[in-house]
Amino acid sequence: MPYLEFLFLEGCIRLCEVDPGIEVLERLTVLNLKDCKNLVHFSSSVRGLKSLKVLNLSGCSKVNKLPNDVGLLESLEKLYLKDTGIRELPTSTRMLERLSLLNMEDCKHLVCLLSSVGGLKSLKDLNLSGCSKLDKLPDELGHVACLKKLDVSGSGIREVPSSIGLLKNLKELSLGGCKAQSPKSWSTIFNPFQLLLKRSCIPARLSLACLSNLRSLTYLNLSDCNLSEEAIPIDFGCLSLLRRLNLRKNQFVRLPESIGQLSRLENLQLDWCHKLRTLPELPSHVHVTLKNCISLDTMVNQIGECNSVLFASCVNCFKMVENESYKRVALSLLARYLKFRRWSSSVHFKHRTFDFIAPGNEIPEWYNHQSVGSLITVELHPGWFSKKWMGFAWCVVFRPLKPFPSSVEMNILCSLKINGQPLAGFGISFGFGEKCDQPKSDHIWFFYVHRDVRYPKQEWQDIYYELVLSFIPFCLGPPGICALASLQLKDVRIHKEIVQVKKCGVRMVYEEDAEEQSNVGTNTKRGPLHCDDEDDATSSSASQAHPKKLNYSTLTAEDPVEALIFMTRNMVNTFFFLVFG
(Lines give C-alpha, C1' and ligand atoms only; values in the text may rest on other atoms or scores of the structure.)
Protein backbone atom coordinates (compact mmCIF):
# COMPACT_ATOMS: atom_id res chain seq x y z
CA MET A 1 0.00 0.00 0.00
CA PRO A 2 2.73 2.60 0.64
CA TYR A 3 3.59 2.33 -3.07
CA LEU A 4 0.03 3.10 -4.23
CA GLU A 5 -0.06 5.88 -6.83
CA PHE A 6 -3.75 6.05 -7.84
CA LEU A 7 -6.77 5.71 -5.56
CA PHE A 8 -10.23 5.95 -7.15
CA LEU A 9 -13.22 5.76 -4.81
CA GLU A 10 -15.64 7.75 -6.96
CA GLY A 11 -19.30 7.21 -6.08
CA CYS A 12 -18.65 5.23 -2.88
CA ILE A 13 -21.82 6.33 -1.09
CA ARG A 14 -21.00 4.34 2.04
CA LEU A 15 -17.72 6.14 2.62
CA CYS A 16 -18.21 8.49 5.58
CA GLU A 17 -14.68 9.31 6.69
CA VAL A 18 -11.12 9.39 5.37
CA ASP A 19 -8.68 8.42 8.12
CA PRO A 20 -5.56 10.54 8.70
CA GLY A 21 -3.62 7.33 8.14
CA ILE A 22 -3.89 8.07 4.42
CA GLU A 23 -0.74 10.15 4.90
CA VAL A 24 1.38 7.04 4.66
CA LEU A 25 0.68 6.93 0.91
CA GLU A 26 3.67 9.08 0.06
CA ARG A 27 3.66 8.06 -3.61
CA LEU A 28 -0.05 8.71 -4.17
CA THR A 29 -0.46 11.09 -7.12
CA VAL A 30 -4.25 10.96 -7.71
CA LEU A 31 -6.98 10.76 -5.05
CA ASN A 32 -10.47 10.68 -6.53
CA LEU A 33 -13.36 10.85 -4.04
CA LYS A 34 -15.86 12.41 -6.44
CA ASP A 35 -19.56 11.95 -5.55
CA CYS A 36 -18.94 10.27 -2.21
CA LYS A 37 -22.21 11.82 -1.07
CA ASN A 38 -21.99 10.66 2.54
CA LEU A 39 -18.38 11.62 3.15
CA VAL A 40 -18.43 13.99 6.13
CA HIS A 41 -14.90 14.02 7.51
CA PHE A 42 -11.95 14.32 5.18
CA SER A 43 -8.58 13.59 6.73
CA SER A 44 -7.56 16.15 9.36
CA SER A 45 -4.01 16.07 8.03
CA VAL A 46 -2.63 15.46 4.53
CA ARG A 47 0.92 16.78 4.83
CA GLY A 48 2.32 13.30 4.21
CA LEU A 49 0.88 13.15 0.66
CA LYS A 50 3.96 14.76 -0.83
CA SER A 51 3.44 13.33 -4.33
CA LEU A 52 -0.27 14.14 -4.67
CA LYS A 53 -1.00 16.03 -7.91
CA VAL A 54 -4.78 15.67 -8.21
CA LEU A 55 -7.35 15.84 -5.40
CA ASN A 56 -10.99 15.47 -6.43
CA LEU A 57 -13.69 16.04 -3.83
CA SER A 58 -16.38 17.24 -6.28
CA GLY A 59 -19.88 16.20 -5.28
CA CYS A 60 -18.91 15.53 -1.66
CA SER A 61 -21.67 17.86 -0.49
CA LYS A 62 -21.19 17.10 3.22
CA VAL A 63 -17.52 18.06 3.28
CA ASN A 64 -17.42 21.64 4.61
CA LYS A 65 -13.70 22.22 5.16
CA LEU A 66 -10.26 21.14 4.04
CA PRO A 67 -7.39 20.17 6.33
CA ASN A 68 -5.49 23.20 7.63
CA ASP A 69 -2.24 21.79 6.28
CA VAL A 70 -3.54 21.40 2.69
CA GLY A 71 -0.97 24.02 1.71
CA LEU A 72 1.78 21.50 2.43
CA LEU A 73 0.74 19.41 -0.59
CA GLU A 74 3.74 20.72 -2.45
CA SER A 75 3.04 18.73 -5.64
CA LEU A 76 -0.68 19.52 -5.92
CA GLU A 77 -1.64 20.77 -9.40
CA LYS A 78 -5.40 20.30 -9.60
CA LEU A 79 -7.99 20.72 -6.84
CA TYR A 80 -11.61 19.88 -7.62
CA LEU A 81 -14.12 21.06 -5.00
CA LYS A 82 -17.25 21.43 -7.13
CA ASP A 83 -20.56 21.14 -5.25
CA THR A 84 -19.00 20.71 -1.82
CA GLY A 85 -20.09 22.38 1.42
CA ILE A 86 -16.85 24.30 1.86
CA ARG A 87 -17.30 27.80 3.32
CA GLU A 88 -13.73 29.07 2.89
CA LEU A 89 -10.28 27.84 1.99
CA PRO A 90 -7.55 27.42 4.63
CA THR A 91 -4.99 30.24 4.75
CA SER A 92 -2.27 27.70 3.94
CA THR A 93 -3.73 27.45 0.41
CA ARG A 94 -1.40 30.29 -0.65
CA MET A 95 1.52 27.84 -0.36
CA LEU A 96 0.25 25.68 -3.25
CA GLU A 97 2.78 27.08 -5.68
CA ARG A 98 2.16 24.40 -8.32
CA LEU A 99 -1.62 24.57 -8.29
CA SER A 100 -2.83 25.32 -11.84
CA LEU A 101 -6.55 24.52 -11.52
CA LEU A 102 -9.00 25.34 -8.72
CA ASN A 103 -12.62 24.36 -9.39
CA MET A 104 -15.15 25.47 -6.78
CA GLU A 105 -18.18 25.54 -9.06
CA ASP A 106 -21.54 25.45 -7.26
CA CYS A 107 -20.04 25.74 -3.78
CA LYS A 108 -23.24 27.31 -2.47
CA HIS A 109 -21.84 27.87 1.02
CA LEU A 110 -18.63 29.60 0.00
CA VAL A 111 -18.80 33.11 1.47
CA CYS A 112 -15.33 34.48 0.78
CA LEU A 113 -12.16 33.89 -1.12
CA LEU A 114 -9.24 34.81 1.08
CA SER A 115 -6.48 37.14 -0.04
CA SER A 116 -4.19 34.13 0.09
CA VAL A 117 -5.35 33.31 -3.43
CA GLY A 118 -2.79 35.89 -4.56
CA GLY A 119 -0.06 33.45 -3.62
CA LEU A 120 -1.13 30.88 -6.21
CA LYS A 121 1.59 31.80 -8.67
CA SER A 122 0.86 28.92 -11.09
CA LEU A 123 -2.95 29.18 -11.13
CA LYS A 124 -4.31 29.23 -14.69
CA ASP A 125 -7.96 28.18 -14.26
CA LEU A 126 -10.21 29.49 -11.48
CA ASN A 127 -13.87 28.43 -11.54
CA LEU A 128 -16.20 30.06 -9.00
CA SER A 129 -19.38 29.82 -11.06
CA GLY A 130 -22.57 29.19 -9.11
CA CYS A 131 -21.08 30.31 -5.80
CA SER A 132 -24.19 32.32 -4.98
CA LYS A 133 -23.01 33.57 -1.56
CA LEU A 134 -19.68 34.82 -2.85
CA ASP A 135 -20.16 38.55 -3.45
CA LYS A 136 -16.60 39.81 -3.70
CA LEU A 137 -13.27 38.84 -5.18
CA PRO A 138 -10.05 39.72 -3.33
CA ASP A 139 -7.87 42.52 -4.70
CA GLU A 140 -4.95 40.13 -4.58
CA LEU A 141 -6.47 38.21 -7.49
CA GLY A 142 -4.64 40.56 -9.83
CA HIS A 143 -1.35 39.15 -8.57
CA VAL A 144 -2.07 35.76 -10.14
CA ALA A 145 -0.15 36.61 -13.29
CA CYS A 146 -0.58 33.18 -14.91
CA LEU A 147 -4.39 33.19 -14.72
CA LYS A 148 -5.90 32.40 -18.14
CA LYS A 149 -9.50 31.51 -17.29
CA LEU A 150 -11.75 33.14 -14.68
CA ASP A 151 -15.38 32.04 -14.36
CA VAL A 152 -17.62 33.68 -11.76
CA SER A 153 -20.86 33.28 -13.73
CA GLY A 154 -23.95 32.76 -11.61
CA SER A 155 -22.14 33.84 -8.46
CA GLY A 156 -23.05 36.66 -6.11
CA ILE A 157 -20.24 38.88 -7.43
CA ARG A 158 -21.30 42.53 -7.66
CA GLU A 159 -17.92 44.17 -8.10
CA VAL A 160 -14.78 43.25 -9.96
CA PRO A 161 -11.55 44.27 -8.20
CA SER A 162 -9.49 46.92 -9.93
CA SER A 163 -6.52 44.59 -9.99
CA ILE A 164 -8.19 42.45 -12.65
CA GLY A 165 -6.67 44.81 -15.18
CA LEU A 166 -3.27 43.36 -14.31
CA LEU A 167 -4.21 39.91 -15.63
CA LYS A 168 -2.39 40.28 -18.93
CA ASN A 169 -2.59 36.55 -19.70
CA LEU A 170 -6.34 36.23 -19.09
CA LYS A 171 -8.00 34.59 -22.09
CA GLU A 172 -11.50 33.79 -20.83
CA LEU A 173 -13.62 35.91 -18.49
CA SER A 174 -17.17 34.89 -17.62
CA LEU A 175 -19.47 37.08 -15.53
CA GLY A 176 -22.71 35.66 -16.90
CA GLY A 177 -25.69 35.80 -14.58
CA CYS A 178 -24.02 38.15 -12.08
CA LYS A 179 -27.08 40.36 -11.73
CA ALA A 180 -27.21 43.59 -9.82
CA GLN A 181 -30.35 45.07 -8.30
CA SER A 182 -30.80 47.48 -11.20
CA PRO A 183 -29.17 48.03 -14.59
CA LYS A 184 -27.43 51.22 -13.43
CA SER A 185 -25.96 49.61 -10.35
CA TRP A 186 -24.09 47.22 -12.61
CA SER A 187 -21.78 50.07 -13.50
CA THR A 188 -19.80 49.18 -10.40
CA ILE A 189 -18.68 45.95 -11.97
CA PHE A 190 -16.86 47.84 -14.68
CA ASN A 191 -15.12 50.33 -12.43
CA PRO A 192 -11.71 48.81 -13.18
CA PHE A 193 -12.24 49.39 -16.88
CA GLN A 194 -13.65 52.93 -16.74
CA LEU A 195 -16.06 51.85 -19.44
CA LEU A 196 -19.12 53.82 -18.41
CA LEU A 197 -20.95 56.32 -20.50
CA LYS A 198 -20.14 59.90 -19.49
CA ARG A 199 -23.58 60.41 -18.05
CA SER A 200 -22.90 57.83 -15.34
CA CYS A 201 -22.43 59.51 -11.96
CA ILE A 202 -20.40 56.63 -10.50
CA PRO A 203 -16.65 57.39 -10.57
CA ALA A 204 -14.28 54.94 -12.21
CA ARG A 205 -11.24 53.73 -10.32
CA LEU A 206 -8.99 52.92 -13.25
CA SER A 207 -8.29 54.36 -16.66
CA LEU A 208 -9.07 52.81 -20.01
CA ALA A 209 -5.46 51.73 -20.24
CA CYS A 210 -6.31 49.00 -17.76
CA LEU A 211 -8.70 47.31 -20.17
CA SER A 212 -6.20 47.54 -22.99
CA ASN A 213 -3.87 45.40 -20.90
CA LEU A 214 -6.22 42.43 -21.29
CA ARG A 215 -4.83 41.82 -24.74
CA SER A 216 -5.01 38.05 -24.46
CA LEU A 217 -8.78 37.97 -23.88
CA THR A 218 -10.52 35.75 -26.46
CA TYR A 219 -13.85 35.08 -24.68
CA LEU A 220 -16.02 37.47 -22.70
CA ASN A 221 -19.34 36.41 -21.18
CA LEU A 222 -21.59 39.19 -19.89
CA SER A 223 -24.88 37.36 -20.44
CA ASP A 224 -27.87 37.83 -18.17
CA CYS A 225 -26.23 40.68 -16.27
CA ASN A 226 -29.13 43.12 -16.55
CA LEU A 227 -26.90 45.47 -18.55
CA SER A 228 -28.26 48.68 -20.02
CA GLU A 229 -26.50 51.41 -22.01
CA GLU A 230 -25.42 53.05 -18.75
CA ALA A 231 -23.38 50.04 -17.75
CA ILE A 232 -22.26 48.24 -20.89
CA PRO A 233 -18.62 48.64 -21.90
CA ILE A 234 -18.32 51.13 -24.75
CA ASP A 235 -14.74 50.52 -25.82
CA PHE A 236 -14.61 46.92 -26.94
CA GLY A 237 -12.12 47.87 -29.64
CA CYS A 238 -9.09 47.40 -27.41
CA LEU A 239 -9.90 43.71 -26.96
CA SER A 240 -8.17 42.97 -30.24
CA LEU A 241 -8.01 39.18 -29.80
CA LEU A 242 -11.64 38.72 -28.74
CA ARG A 243 -13.30 35.90 -30.68
CA ARG A 244 -16.46 35.19 -28.68
CA LEU A 245 -18.70 37.75 -27.03
CA ASN A 246 -21.80 36.67 -25.12
CA LEU A 247 -24.27 39.48 -24.34
CA ARG A 248 -27.49 37.46 -24.17
CA LYS A 249 -30.42 38.36 -21.92
CA ASN A 250 -29.52 42.00 -21.30
CA GLN A 251 -31.48 45.26 -21.30
CA PHE A 252 -29.66 47.53 -23.77
CA VAL A 253 -31.42 49.09 -26.77
CA ARG A 254 -28.30 49.43 -28.90
CA LEU A 255 -24.70 48.27 -28.87
CA PRO A 256 -21.53 50.37 -28.96
CA GLU A 257 -20.06 50.95 -32.41
CA SER A 258 -16.68 49.76 -31.11
CA ILE A 259 -17.85 46.16 -31.57
CA GLY A 260 -17.21 46.67 -35.26
CA GLN A 261 -13.51 47.13 -34.48
CA LEU A 262 -13.19 43.55 -33.22
CA SER A 263 -11.52 42.20 -36.33
CA ARG A 264 -11.19 38.67 -34.92
CA LEU A 265 -14.69 38.38 -33.51
CA GLU A 266 -16.29 35.13 -34.70
CA ASN A 267 -19.30 34.65 -32.45
CA LEU A 268 -21.67 37.30 -31.06
CA GLN A 269 -24.58 36.08 -28.93
CA LEU A 270 -27.49 38.49 -28.44
CA ASP A 271 -30.37 36.07 -27.85
CA TRP A 272 -33.26 37.24 -25.65
CA CYS A 273 -32.16 40.88 -25.65
CA HIS A 274 -35.80 41.95 -25.72
CA LYS A 275 -35.06 45.69 -25.91
CA LEU A 276 -32.41 45.56 -28.64
CA ARG A 277 -33.56 47.58 -31.67
CA THR A 278 -30.51 48.18 -33.86
CA LEU A 279 -27.12 46.67 -34.58
CA PRO A 280 -23.78 48.39 -35.10
CA GLU A 281 -21.62 47.61 -38.09
CA LEU A 282 -20.36 44.07 -37.48
CA PRO A 283 -17.22 42.28 -38.69
CA SER A 284 -17.92 40.50 -41.99
CA HIS A 285 -17.03 37.02 -40.72
CA VAL A 286 -19.11 36.97 -37.52
CA HIS A 287 -21.77 34.48 -36.46
CA VAL A 288 -24.54 36.35 -34.67
CA THR A 289 -27.49 34.81 -32.85
CA LEU A 290 -30.54 37.00 -32.27
CA LYS A 291 -33.17 34.53 -31.10
CA ASN A 292 -36.17 36.19 -29.51
CA CYS A 293 -34.89 39.75 -30.02
CA ILE A 294 -38.51 40.82 -30.30
CA SER A 295 -37.78 44.56 -30.60
CA LEU A 296 -35.13 44.28 -33.32
CA ASP A 297 -36.16 46.57 -36.18
CA THR A 298 -33.58 45.75 -38.83
CA MET A 299 -30.39 43.95 -39.81
CA VAL A 300 -29.22 47.19 -41.40
CA ASN A 301 -26.48 48.87 -39.37
CA GLN A 302 -26.28 52.52 -38.43
CA ILE A 303 -24.50 53.48 -41.67
CA GLY A 304 -27.43 52.15 -43.68
CA GLU A 305 -25.92 48.89 -44.95
CA CYS A 306 -27.00 45.34 -44.30
CA ASN A 307 -24.44 43.70 -42.05
CA SER A 308 -22.16 41.17 -43.71
CA VAL A 309 -22.38 38.12 -41.50
CA LEU A 310 -21.66 34.46 -42.07
CA PHE A 311 -24.45 33.24 -39.84
CA ALA A 312 -27.51 34.96 -38.41
CA SER A 313 -30.20 33.21 -36.41
CA CYS A 314 -33.19 35.52 -36.11
CA VAL A 315 -35.65 33.00 -34.69
CA ASN A 316 -38.87 34.72 -33.57
CA CYS A 317 -37.65 38.18 -34.68
CA PHE A 318 -41.10 39.03 -36.01
CA LYS A 319 -40.74 42.81 -35.81
CA MET A 320 -37.72 42.71 -38.08
CA VAL A 321 -39.56 40.85 -40.84
CA GLU A 322 -42.53 43.19 -40.44
CA ASN A 323 -40.30 46.20 -41.13
CA GLU A 324 -38.29 44.70 -43.99
CA SER A 325 -38.69 41.69 -46.25
CA TYR A 326 -36.84 38.64 -45.01
CA LYS A 327 -36.24 37.82 -48.67
CA ARG A 328 -34.48 41.13 -49.20
CA VAL A 329 -32.45 40.72 -46.02
CA ALA A 330 -31.43 37.15 -46.82
CA LEU A 331 -30.44 37.86 -50.41
CA SER A 332 -28.60 41.04 -49.44
CA LEU A 333 -26.63 39.11 -46.84
CA LEU A 334 -25.91 36.34 -49.33
CA ALA A 335 -24.82 38.80 -52.03
CA ARG A 336 -22.37 40.48 -49.66
CA TYR A 337 -21.12 37.10 -48.48
CA LEU A 338 -20.48 35.92 -52.03
CA LYS A 339 -18.67 39.13 -52.85
CA PHE A 340 -16.44 38.89 -49.78
CA ARG A 341 -15.82 35.23 -50.40
CA ARG A 342 -14.83 35.75 -54.00
CA TRP A 343 -12.34 38.51 -53.33
CA SER A 344 -11.16 37.66 -49.82
CA SER A 345 -7.61 36.36 -49.49
CA SER A 346 -8.36 34.86 -46.08
CA VAL A 347 -8.17 31.08 -46.11
CA HIS A 348 -10.10 31.13 -42.81
CA PHE A 349 -13.00 32.98 -44.46
CA LYS A 350 -13.05 30.76 -47.55
CA HIS A 351 -13.79 27.69 -45.43
CA ARG A 352 -16.93 29.20 -43.90
CA THR A 353 -20.50 28.61 -45.01
CA PHE A 354 -23.39 31.07 -44.98
CA ASP A 355 -26.58 30.65 -42.90
CA PHE A 356 -29.57 32.85 -42.21
CA ILE A 357 -32.72 31.87 -40.29
CA ALA A 358 -35.77 34.10 -39.83
CA PRO A 359 -39.57 33.98 -39.73
CA GLY A 360 -40.87 33.42 -43.27
CA ASN A 361 -42.91 31.10 -45.45
CA GLU A 362 -42.10 31.96 -49.08
CA ILE A 363 -39.01 31.02 -51.06
CA PRO A 364 -37.55 33.88 -53.17
CA GLU A 365 -37.92 33.34 -56.89
CA TRP A 366 -34.16 33.76 -57.28
CA TYR A 367 -34.00 30.09 -56.27
CA ASN A 368 -34.87 28.77 -59.72
CA HIS A 369 -35.50 25.20 -58.57
CA GLN A 370 -38.31 24.92 -56.05
CA SER A 371 -40.44 22.16 -54.65
CA VAL A 372 -43.30 21.67 -52.24
CA GLY A 373 -42.24 19.25 -49.53
CA SER A 374 -38.83 18.14 -48.38
CA LEU A 375 -37.37 16.57 -51.54
CA ILE A 376 -36.10 18.05 -54.78
CA THR A 377 -34.17 16.82 -57.81
CA VAL A 378 -31.97 18.96 -60.06
CA GLU A 379 -30.85 17.55 -63.42
CA LEU A 380 -27.59 18.94 -64.77
CA HIS A 381 -26.90 18.27 -68.44
CA PRO A 382 -23.55 18.72 -70.22
CA GLY A 383 -22.78 22.40 -70.55
CA TRP A 384 -23.71 23.27 -66.97
CA PHE A 385 -20.16 23.17 -65.62
CA SER A 386 -17.64 26.00 -65.86
CA LYS A 387 -14.86 27.49 -63.79
CA LYS A 388 -17.29 30.20 -62.78
CA TRP A 389 -19.49 27.77 -60.88
CA MET A 390 -19.07 28.49 -57.16
CA GLY A 391 -21.40 26.20 -55.23
CA PHE A 392 -24.92 25.58 -53.98
CA ALA A 393 -27.50 27.89 -52.40
CA TRP A 394 -30.67 26.50 -50.93
CA CYS A 395 -33.45 27.52 -48.61
CA VAL A 396 -35.99 25.56 -46.60
CA VAL A 397 -39.32 26.61 -45.13
CA PHE A 398 -40.03 24.62 -41.97
CA ARG A 399 -42.81 24.70 -39.45
CA PRO A 400 -42.91 23.50 -35.85
CA LEU A 401 -45.97 21.33 -35.32
CA LYS A 402 -45.66 20.99 -31.55
CA PRO A 403 -43.12 21.73 -28.79
CA PHE A 404 -39.83 19.91 -29.01
CA PRO A 405 -39.27 17.10 -26.53
CA SER A 406 -37.16 18.04 -23.55
CA SER A 407 -33.50 17.04 -23.38
CA VAL A 408 -33.18 16.50 -27.12
CA GLU A 409 -31.70 18.53 -29.92
CA MET A 410 -33.82 19.19 -32.98
CA ASN A 411 -32.08 19.55 -36.34
CA ILE A 412 -32.72 19.74 -40.04
CA LEU A 413 -30.34 17.72 -42.16
CA CYS A 414 -29.72 18.43 -45.82
CA SER A 415 -28.58 15.29 -47.60
CA LEU A 416 -27.25 15.22 -51.15
CA LYS A 417 -27.15 12.30 -53.56
CA ILE A 418 -25.33 12.42 -56.88
CA ASN A 419 -26.53 9.88 -59.40
CA GLY A 420 -27.95 7.82 -56.56
CA GLN A 421 -24.87 7.91 -54.31
CA PRO A 422 -24.90 9.82 -51.00
CA LEU A 423 -22.17 12.43 -50.96
CA ALA A 424 -22.29 14.46 -47.78
CA GLY A 425 -24.63 15.94 -45.22
CA PHE A 426 -25.18 19.26 -43.52
CA GLY A 427 -27.32 20.21 -40.61
CA ILE A 428 -28.27 23.12 -38.48
CA SER A 429 -29.49 23.13 -34.91
CA PHE A 430 -32.40 25.42 -34.14
CA GLY A 431 -33.30 24.32 -30.64
CA PHE A 432 -32.42 22.18 -27.66
CA GLY A 433 -35.93 21.55 -26.44
CA GLU A 434 -36.01 24.80 -24.48
CA LYS A 435 -39.35 26.54 -24.82
CA CYS A 436 -37.79 29.99 -25.18
CA ASP A 437 -35.62 28.78 -28.08
CA GLN A 438 -38.28 27.23 -30.26
CA PRO A 439 -39.68 28.82 -33.43
CA LYS A 440 -43.27 29.96 -32.90
CA SER A 441 -44.33 29.89 -36.56
CA ASP A 442 -43.05 29.19 -40.06
CA HIS A 443 -39.35 29.95 -40.43
CA ILE A 444 -37.00 29.84 -43.39
CA TRP A 445 -33.39 28.68 -43.47
CA PHE A 446 -31.02 30.03 -46.15
CA PHE A 447 -27.75 28.19 -46.68
CA TYR A 448 -24.82 28.46 -49.08
CA VAL A 449 -21.88 26.08 -49.37
CA HIS A 450 -18.94 26.34 -51.74
CA ARG A 451 -18.26 23.37 -53.96
CA ASP A 452 -14.75 22.81 -52.54
CA VAL A 453 -15.57 23.27 -48.84
CA ARG A 454 -17.83 20.29 -48.20
CA TYR A 455 -17.11 18.30 -51.33
CA PRO A 456 -13.29 18.37 -51.55
CA LYS A 457 -13.05 14.80 -52.90
CA GLN A 458 -15.75 15.22 -55.51
CA GLU A 459 -14.27 15.81 -58.96
CA TRP A 460 -16.96 17.76 -60.77
CA GLN A 461 -17.11 17.31 -64.53
CA ASP A 462 -19.18 18.68 -67.37
CA ILE A 463 -21.37 15.59 -67.59
CA TYR A 464 -24.92 14.65 -66.70
CA TYR A 465 -25.72 14.67 -62.99
CA GLU A 466 -28.90 13.97 -61.11
CA LEU A 467 -28.75 15.78 -57.78
CA VAL A 468 -31.27 14.72 -55.16
CA LEU A 469 -31.52 16.91 -52.09
CA SER A 470 -33.66 15.98 -49.13
CA PHE A 471 -34.28 17.96 -45.95
CA ILE A 472 -34.98 15.74 -42.97
CA PRO A 473 -36.03 16.87 -39.47
CA PHE A 474 -34.55 14.67 -36.79
CA CYS A 475 -33.44 14.78 -33.19
CA LEU A 476 -30.68 13.31 -31.10
CA GLY A 477 -31.30 12.18 -27.57
CA PRO A 478 -28.84 12.70 -24.73
CA PRO A 479 -25.95 13.27 -24.86
CA GLY A 480 -27.07 15.11 -27.97
CA ILE A 481 -24.53 16.69 -30.22
CA CYS A 482 -21.63 14.89 -28.60
CA ALA A 483 -23.04 11.63 -29.97
CA LEU A 484 -22.59 12.71 -33.59
CA ALA A 485 -19.08 11.32 -33.87
CA SER A 486 -20.29 7.81 -33.02
CA LEU A 487 -23.82 8.14 -34.34
CA GLN A 488 -25.77 4.91 -34.49
CA LEU A 489 -29.18 4.09 -35.92
CA LYS A 490 -30.69 3.92 -32.44
CA ASP A 491 -29.66 7.54 -31.77
CA VAL A 492 -31.61 8.98 -34.70
CA ARG A 493 -35.33 9.70 -34.56
CA ILE A 494 -37.05 11.14 -37.58
CA HIS A 495 -39.51 13.72 -36.27
CA LYS A 496 -41.88 14.77 -39.02
CA GLU A 497 -44.63 14.95 -36.42
CA ILE A 498 -42.70 17.69 -34.61
CA VAL A 499 -41.18 19.67 -37.50
CA GLN A 500 -42.58 19.81 -41.02
CA VAL A 501 -40.45 20.82 -43.99
CA LYS A 502 -42.98 22.62 -46.18
CA LYS A 503 -40.94 23.90 -49.13
CA CYS A 504 -37.40 23.90 -50.43
CA GLY A 505 -35.45 25.70 -53.12
CA VAL A 506 -32.04 25.30 -54.77
CA ARG A 507 -29.82 27.37 -57.04
CA MET A 508 -26.47 26.62 -58.65
CA VAL A 509 -24.42 29.73 -57.91
CA TYR A 510 -21.99 31.20 -60.45
CA GLU A 511 -19.56 34.09 -60.21
CA GLU A 512 -22.08 36.35 -61.88
CA ASP A 513 -24.24 35.98 -58.78
CA ALA A 514 -21.36 37.28 -56.65
CA GLU A 515 -21.03 40.49 -58.64
CA GLU A 516 -22.90 42.61 -56.19
CA GLN A 517 -24.09 45.93 -57.57
CA SER A 518 -23.87 49.02 -55.46
CA ASN A 519 -27.59 49.03 -54.71
CA VAL A 520 -28.03 45.35 -53.82
CA GLY A 521 -28.10 46.17 -50.12
CA THR A 522 -31.11 48.46 -50.55
CA ASN A 523 -32.93 47.09 -53.60
CA THR A 524 -32.43 43.43 -54.27
CA LYS A 525 -34.69 43.43 -57.32
CA ARG A 526 -32.12 45.40 -59.33
CA GLY A 527 -29.07 43.36 -58.46
CA PRO A 528 -27.92 39.85 -59.37
CA LEU A 529 -29.61 38.59 -56.21
CA HIS A 530 -33.25 39.62 -56.25
CA CYS A 531 -36.81 38.46 -55.79
CA ASP A 532 -38.22 39.31 -59.22
CA ASP A 533 -38.93 36.24 -61.35
CA GLU A 534 -38.87 38.17 -64.63
CA ASP A 535 -35.35 39.46 -64.04
CA ASP A 536 -34.15 36.17 -62.62
CA ALA A 537 -33.43 34.65 -66.01
CA THR A 538 -30.44 36.95 -66.49
CA SER A 539 -28.79 36.35 -63.13
CA SER A 540 -26.72 33.34 -64.13
CA SER A 541 -24.92 32.85 -67.42
CA ALA A 542 -25.22 29.10 -67.11
CA SER A 543 -28.98 29.14 -66.78
CA GLN A 544 -29.20 31.69 -69.59
CA ALA A 545 -27.08 29.61 -71.94
CA HIS A 546 -28.79 26.33 -71.14
CA PRO A 547 -32.35 27.12 -70.12
CA LYS A 548 -33.57 23.65 -71.03
CA LYS A 549 -30.76 21.73 -69.37
CA LEU A 550 -31.64 22.61 -65.79
CA ASN A 551 -34.83 20.94 -64.64
CA TYR A 552 -36.29 20.01 -61.32
CA SER A 553 -38.85 17.52 -60.22
CA THR A 554 -40.39 16.58 -56.91
CA LEU A 555 -39.82 13.12 -55.47
CA THR A 556 -42.21 11.25 -53.26
CA ALA A 557 -39.88 8.59 -51.89
CA GLU A 558 -37.87 9.23 -48.73
CA ASP A 559 -34.14 8.73 -48.35
CA PRO A 560 -33.25 5.73 -46.20
CA VAL A 561 -32.27 6.38 -42.62
CA GLU A 562 -28.96 4.61 -43.28
CA ALA A 563 -28.02 7.40 -45.65
CA LEU A 564 -28.86 9.86 -42.91
CA ILE A 565 -26.45 8.08 -40.57
CA PHE A 566 -23.70 8.11 -43.15
CA MET A 567 -24.07 11.76 -43.92
CA THR A 568 -24.56 12.91 -40.34
CA ARG A 569 -21.16 11.51 -39.40
CA ASN A 570 -19.69 14.10 -41.76
CA MET A 571 -21.53 16.90 -39.95
CA VAL A 572 -19.62 16.94 -36.67
CA ASN A 573 -17.39 19.93 -37.41
CA THR A 574 -20.25 21.92 -38.92
CA PHE A 575 -22.50 21.29 -35.91
CA PHE A 576 -19.87 22.21 -33.35
CA PHE A 577 -19.04 25.41 -35.20
CA LEU A 578 -22.63 26.53 -35.62
CA VAL A 579 -23.66 25.77 -32.07
CA PHE A 580 -20.54 26.66 -30.10
CA GLY A 581 -19.00 29.12 -32.39
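Biologist: Is Phe 471 buried or exposed?
Modeller: Phe 471 has a relative accessibility of 1%, so it counts as buried. Buried means under 20% relative accessible area, exposed means over 50%, and partly exposed lies in between, with a 1.4 Å probe and protein chains only. Please note that this is a predicted model, in which local features need pLDDT of at least 70, side-chain atom pairs count only at pLDDT 80 or more, and totals for chains, interfaces and linings use all residues. Residues are numbered from 1 along each chain as its sequence is written, and side-chain values use heavy atoms, with hydrogens and water left out.

Biologist: How many aromatic pairs are there in the whole structure?
Modeller: The search finds 17 aromatic pairs. Rings of Phe, Tyr and Trp (its six-membered ring) pair if their centres lie within 6.5 Å; planes under 30 degrees apart are stacked, over 60 edge-to-face, and the rest tilted. Trp 366 and Tyr 367 are edge-to-face, because their ring centres are 5.0 Å apart and their planes stand at 85°. Both Trp 366 and Tyr 367 are buried.

Biologist: And what about Trp 394 and Phe 471?
Modeller: Their ring centres are 6.1 Å apart with planes at 65°, so this pair is edge-to-face. Trp 394 belongs to strand β17 (residues 389–400) and Phe 471 to strand β21 (residues 465–476), so the pair ties together parts that are 77 residues apart in sequence. Helices (H or I, at least four residues) and strands (E, at least two) are DSSP runs, numbered from the N terminus.

Biologist: Changing topic, how many disulfides does the search find?
Modeller: It finds zero disulfides, a disulfide being a pair of cysteine sulfur atoms within 2.5 Å.

Biologist: Which residues touch the most other members of the largest nonpolar core?
Modeller: Among its 111 residues, they are Leu 128, Leu 270, Leu 276, Leu 290, Met 299 and Phe 356. Such a core is a set of buried Ala, Val, Leu, Ile, Met, Phe, Trp, Tyr and Cys residues joined through side-chain atoms within 4.5 Å.

Biologist: Which element gives the most to this core?
Modeller: Helix α3 does, with eight residues. Apart from this core lies another of 33 residues, including Trp 394 and Cys 475.
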